[in-house]
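Open the model in a viewer, with the sequence panel alongside. The stops below are given in the order in which to select them.

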Amino acid sequence: MDEVELIRAASEARQEAYAPYSGFRVGAAVICDDGRIFAGANVENAVYGLSICAERVAMSKAVSEGCRRFEALAIIADGPTPCPPCGACRQFLAEFGAESLVIMANTKGETKKALIKELLPYAFTNERLFADKG
Ligand code: THU
């Protein structure tokens with residue numbers, strides 16, 4: 001998996017961020033277990049709570065095209081340190097496996113990496129929903 005390529009895809013997607021309210025532009029890209037890459041940007045709304053993060057846009061594009069496992073997700077935004085994914089996006093990513101790599105980046109070229117199981121320990125997953133209730 002080419003991490004530089006994934007960050008570049010996230011960065012390109014960031015160009016299309018629709019963030020007139022926060023002014024905080026975010027791009028994300030995922031690479032699926034079959035090698036396909038899907039990217040997205042944050043999309044805000046006048047009803048602020050309807051805004052959606054770049055990561056969930058990218059993941060939803062991938063899932064709706066048949067992807068069920070993410071090898072990695074890259075996220076990029078402007079800031080003093082690499083941009084971490086929000087809690088909702090961590091939960092969304094954990095749905096598709098605990099081992100996905102999260103590559104955080106900023107526009108200065110700094111990066112930081114962690115597995116989703118490290119970013120969201122004790123995640124609530126479908127295994128719990130399907131666990132034997134006996
Ligand atoms: N945002 C993301 O796209 N991803 C995150 O993980 C954190 C926040 C977006 C949502 C909103 O459009 C803006 O950044 C400010 O919160």
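The tour goes from the ligand to a cavity, then to a pocket, and ends with a few single residues.

**Before selecting**

This is a predicted model, in which local features need pLDDT of at least 70 and side-chain atom pairs count only at pLDDT 80 or more, while totals for chains, interfaces and linings use all residues. Residues are numbered from 1 along each chain as its sequence is written, and side-chain values use heavy atoms, with hydrogens and water left out.

**Stop 1: the ligand**

The shell consists of Ser-22, Phe-24, Val-26, Asn-42, Glu-44, Cys-53, Ala-54, Glu-55, Ile-75, Pro-84, Pro-85 and Cys-86. Eight of these residues are nonpolar, two are polar and two are charged. In this classification Ala, Val, Leu, Ile, Met, Phe, Trp, Tyr, Cys and Pro count as nonpolar, Asp, Glu, Lys and Arg as charged, and the others, Gly among them, as polar.

Next, display the polar contacts (pairs of N or O atoms within 3.5 Å; within protein, one must be able to donate a hydrogen and the other to accept it, and residues adjacent in sequence count only if both atoms are side-chain atoms). Glu-44 places a polar side-chain atom 2.5 Å from an oxygen atom of the ligand. For Glu-55, a polar side-chain atom also lies 2.5 Å from a ligand oxygen. Cys-86 uses its backbone instead: an N or O atom there is 2.9 Å from an oxygen atom of the ligand. The ligand taken alone exposes 370 Å², of which the protein buries 78%; accessible areas come from the Shrake-Rupley method with a 1.4 Å probe, and for residues only the protein chains shown count as cover.

**Stop 2: Asn-42**

Stay with the shell and centre on Asn-42. This residue is found in the loop between strand E2 (37-41) and helix H2 (54-63). Helices (H or I, at least four residues) and strands (E, at least two) are DSSP runs, numbered from the N terminus. Is Asn-42 buried or exposed? Asn-42 counts as buried because its relative accessibility is 6%, the classes being buried under 20% relative accessible area, exposed over 50% and partly exposed in between (1.4 Å probe, protein chains only).

Which backbone atoms does the side chain of Asn-42 reach? One is the backbone oxygen of Phe-24, at 2.8 Å. Another is the backbone nitrogen of Val-26, which lies 3.0 Å from a polar atom of the Asn-42 side chain. Phe-24 and Val-26 are themselves among the residues surrounding the ligand.

**Stop 3: the cavity**

A search of the whole structure finds one cavity of 30 Å³ or more. On a 1 Å grid over the protein atoms alone, a cavity is a set of points where a 1.4 Å probe fits but cannot get out, a pocket is an open set with protein on both sides within 12 Å along at least five of seven lines, and lining residues have an atom within 4 Å of a point. Grid points are joined across faces, edges and corners, and a volume is the space filled by probe spheres set on the points.

Select Glu-55, Met-59, Leu-73, Pro-85, Cys-89, Arg-90, Leu-93, Val-102 and Ile-116 to see the lining of the largest cavity. H2 and helix H3 (87-94) are the elements that give two or more residues to this lining, and H3 gives the most, with three. The lining has seven nonpolar residues, no polar ones and two charged ones. The volume of the largest cavity is about 30 Å³.

**Stop 4: the largest pocket**

Move on to the largest pocket, with a volume of about 250 Å³. It is lined by 15 residues, and Ala-94, Gly-97, Ala-98, Thr-125 and Glu-127 are the closest to its centre. Helix H4 (116-119) and helix H5 (126-130) are the elements that give two or more residues to the lining. By class, the lining has eight nonpolar, three polar and four charged residues.

Pick Gly-97, in the loop between H3 and strand E4 (101-106). Gly-97 counts as buried, at 16% relative accessibility.

**Stop 5: Tyr-122**

Select Tyr-122, in the loop between H4 and H5. Tyr-122 is not a glycine, yet its phi is positive, at about 55 degrees. With 86% relative accessibility, Tyr-122 counts as exposed.

**Stop 6: Ser-11**

Finish at Ser-11, in helix H1 (residues 3-14). Ser-11 counts as partly exposed, at 29% relative accessibility. A C-alpha distance drawn from Ser-11 to Ala-29, 18 residues apart along the chain, comes to 8.4 Å.

Methods. A residue is near a molecule or strand if one of its heavy atoms lies within 4 Å of it.
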